[in-house]
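Please look over the sequence and the 3D structure below.

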Amino acid sequence: MSPSMTTAMEANFEADQPAETLYQKGVKHLSDSGITSVPKQYIFPASDRPELTRDDTSIPNPNLKLPVIDFSQLQGSNRSHALKTLAEACQVYGFFQLTNHGIPREVILNMIEGSKGFFELPFEERSKYMSADMYAPVRYGTSVNQKKDTVFCWRDFLKLSCQPLSAVLPFWPSSPMGFRESAVEYSKQAKSLYLALTEAILESLGLVETAGKNNYENDSLKEFENGSQLIVINCYPSCPEPDLTLGMPPHSDYGFLTLLLQDEVKGLQIHHAGRWVTVDPVPDSFVINVGDHLEIFSNGRYKSVLHRVLVNPRTSRVSVASLHGLQTVRPSPELIDGDNPRRYKDTTFASFLDYISSCEPKSKNFLESRKLT
C-alpha cells in the first residue's frame, strides 16, 4: 500500500470517530488499529520531544549507571556501609537499583505476565474499569489526566488502590485468569519491601540510631504501615513515530518511595546533571526513586527527581510501579533547626488529588506549590 493511501485511510479513521471517542479509548486501541503515524493530539511541542530518529530502537541518549543497593547487605553486618550508599543515592541521584530484594522471581514474573495479559484483553473488557473518579479503587485510563491533558501521552494505565486491601479487592479485575491473585501477592510483597527500605531511610537520615531499637522508629513505621499504596501498571504500545511523543512527560512521583518493576525494554529516563539519561533494565532488580513525600519529610535533604518515559517504534513496554505514601506528610522536626529552617507545608493526599484534578500536572509543579521558601 502506498504512503498516500495509508495516510488517507488514517485520516478517514480519525474523521469517522469523534475526538472524544478516538483518544479516550487509549493508545492500545490506536496501535491495534494499525495506524502508521501519530495523531496530532499526541504530538509534543518540538522543545519537549526526545532526540530520536524514527527508526531508532536503541534510544541513543547517554546511559546512566545508577547506584546499586544490595538489599541483603542492609540486613547484615555491612548495613552501615549500605546505608551510606543509600544516603548518597537519595541525595545525588534520587534513584537507585535494588538487587537481592527477596521477592520471589515467580511473584515478579506472574505480575508482569498478568499485566501484559490485561492489556491484551478486548477493549470492551478493559473499558469496564474506565473512570474519571480519582478515588476509584480501580481505574483504567490513558495519558496522565485524559480530561485535562492538552497533549496526550503514548500510555495506557491500570491503577489499583491497595488500602485497605480487603475493601478494594472485590473491585480489582478478575481477568485475565489469575491476574487478581498475582496482583494481591505482588502488592503484599512490595509493601513489605517498602517498609524495610523506609526503615533504612529513617536510619540514613539519622532519625534512628539502630533500626528496631528506638521508640521513634517503632511509632514512625506505624504511620508508614497505614499509609497509601497504589499499584500503577503502565502500557506503552509500540509507536510509529517515537520522536514526536512521549510515554510520560517529565514529572516527579507523588509519594514517599516508588518501587518500579520493568520488563526488558528500555524507556525510563531521568534528568541528571542537566541532561536526560537512559536507565538500563537490570534483570531481577527494582528501580527505586525518591518521591515528593520523602523530599518534604527530609526537609529537602533527599530530592525527588524528574523522569520521563520514551516509547519504542517496534516493541511495546510494560512497567509496574508500586507507589507508597503517607496520608499527611510534613518535614521531620528532627531535621529542622536554625541552619535548616522548615521548607515545606504539611501536605495531604487529598490536596494532591485536588491539584491534579484542577490542572495539567507538569514537572514538579505540585511540590513547588508546597514550598515555604
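## Strands and rings

F157 stands opposite N234 in β5. The model is predicted, so local features need pLDDT of at least 70, side-chain atom pairs count only at pLDDT 80 or more, and totals for chains, interfaces and linings use all residues. Residues are numbered from 1 along each chain as its sequence is written, and side-chain values use heavy atoms, leaving out hydrogens and water.

Strand β4 (residues 156-161) pairs with β5 (residues 228-236) in the antiparallel sense over six bridges. Two strands pair if DSSP finds at least two bridges between them. Strands (E, at least two residues) and helices (H or I, at least four) are DSSP runs, numbered from the N terminus. Eight strands form an open, mixed sheet in the order β1-β2-β10-β7-β12-β5-β4-β3. Its edge strands, β1 (68-70) and β3 (138-142), each pair on one side only.

K159 lies over the face of F157, at 4.9 Å from the ring centre; this requires NZ of Lys or CZ of Arg within 6 Å of the ring centre and within 35 degrees of the ring normal.

The structure holds 11 aromatic pairs. Rings of Phe, Tyr and Trp (its six-membered ring) pair if their centres lie within 6.5 Å; planes under 30 degrees apart count as stacked, over 60 as edge-to-face and the rest as tilted. Two of the pairs are tabulated.

| Pair | Centre to centre | Between planes | Type |
|---|---|---|---|
| F118 and F119 | 5.3 Å | 85° | edge-to-face |
| F256 and F297 | 5.7 Å | 70° | edge-to-face |

F256, in the loop between β6 (248-251) and β7 (257-262), and F297, in helix α11 (residues 292-297), are 41 residues apart.
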